[in-house]
Amino acid sequence: MGFRCGIVGLPNVGKSTLFNALTRTAAAQAANFPFCTIEPNVGEVSVPDERIGKLASIAASKEIIPARFTFVDIAGLVRGASKGEGLGNQFLANIREVDAIAHVLRCFEDDDITHVEGRIDPVADAETIDTELMIADLESVERRVQNLQRKLKGGDREAQQQARLLEAAKAALEAGRPARSVEIAEEDAKAWRGLQLLTAKPVLYVCNVAEAEAATGNDWTRKIAALAEAEGAGCVTISAAIEEEIAQLDPEEREAFLEELGLSEAGLDRLIRAGYDLLGLVTYFTCGPKETRAWTIQRGWTAPKAAGVIHGDFEKGFIRAETVAYEDYVRLGGEQKAREAGKLRAEGKGYVVADGDVMHFLFSR
């Protein structure tokens, strides 16, 4: 299944540089002028996970297929986007199509790179984008409430649920809070997602810093970290310039370069994992001589639904899942030894898949 994280931000904050490094390509044109990214560039990246290599080694797999995560580089937004300023309408349309937002904030000084509003203030930048999205959401909510009136008079239950959720969103937006601040009951979750509110999407703040501050951050990043904590959002500090350099190096050179900078791992690995975590995703594995593969699912999914990610027939005809915890698989040295040790379990339809489970599904056609 595909999960898409949109990279957004004001012009010239390093979005496209970051995207280039993420996808190891020059697919996005990084240039020092607003709107250099017009059509959203899309790139798939591997989710870094050291477990898959260990599993493949034990299973003597010929191929390793990691989990994938999609990033979308979306055109820079400016104040007034909710009214169509700049490329506002296109920006808003593109952002509706992603599952989460990685909001890149400029946390560095550089006189050679202009700021669209003539100052460096990442907190204000975050507020600018949030405000534009909230304005767009509020206008959308008001239109939808009006359009539901006829169905409400007819007693339509689905319309009543939508109206109730829209009113909750409206109250939050009018109070200056994003829709993601609204607490939603489990039975309303599907209908809430169906509203496709821009500010209901989970947010990851990406603090783009100068090379010298990649390991330590700075006063701006600490302010953004406090903002993220208050909102329940994610936060990652990264130097897009460093990541672009790292992207051009082979693995051995990369490791030495990171060590020289005082970094234990590439910022992009942390960013990808943070995006993965932001959406509440977990990984299970299938292992065999042909391949070891990582599969992405939503946390809390049951075994049949997880099986459906491989093929719809697996979910429809699900009988049981033979499951070994990752730690047991590695400690004991594979499926057969886990079976002999009593660590291979037969799980039924109600089993909630755990992160790292190594699974084999039995199904009827």
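1. Basis. The model is predicted: local features need pLDDT of at least 70, side-chain atom pairs count only at pLDDT 80 or more, and totals for chains, interfaces and linings use all residues. Residues are numbered from 1 along each chain as its sequence is written, and side-chain values use heavy atoms, with hydrogens and water left out.

2. Overall content. The protein has 15 helices and 12 strands; helices (H or I, at least four residues) and strands (E, at least two) are DSSP runs, numbered from the N terminus. Of its 365 residues, 48% count as buried, where buried means under 20% relative accessible area, with a 1.4 Å probe and protein chains only. Among contacts (heavy atoms within 4.5 Å) with a separation of 6 or more, 69% join residues 24 or more positions apart.

3. Helix α6 itself. At 1.5 Å a residue, the 18 residues of α6 should span 26 Å, and the end C-alpha atoms are 26 Å apart, which agrees; the expected span is 1.5 Å times one less than the number of residues. After the helix comes G176, which has a positive phi, near 80°.

4. The buried side of α6. A159, A163, L165, L166, A169, A172 and L173 are buried in α6. The buried residues of this helix pack against α4, α5 (149-153) and α7 (189-194).

5. Packing of α4 on α6. Helix α4 (residues 122-147) and helix α6 (residues 157-174) pack at about 145°, their axes 10 Å apart. Axes are lines fitted to C-alpha atoms, for helices over the stretch in contact, and angles run from 0 to 180 degrees between N-to-C directions. From α4 the contact uses M134, D137, L138, V141, E142, R144 and V145, and from α6 it uses L166, E167, A169, K170, L173 and E174. These residues divide into 7 nonpolar, no polar and 6 charged.

6. I129. This residue also belongs to helix α4 and is buried, with a relative accessible area of 2%. Its C-alpha atom is separated by 8.8 Å from that of V8, 121 residues apart along the chain.

7. T292. Strand β9 (residues 291-298) contains T292, which is buried with a relative accessible area of 0%. Not counting residues up to four places away in sequence, T292 touches I52, L55, A56, A59, S61, E63, I64, I65, T286 and C287.

Note on methods
Nonpolar A, V, L, I, M, F, W, Y, C, P; charged D, E, K, R; others polar. Buried < 20%, exposed > 50% of the residue type's maximum accessible area, 1.4 Å probe, protein only.
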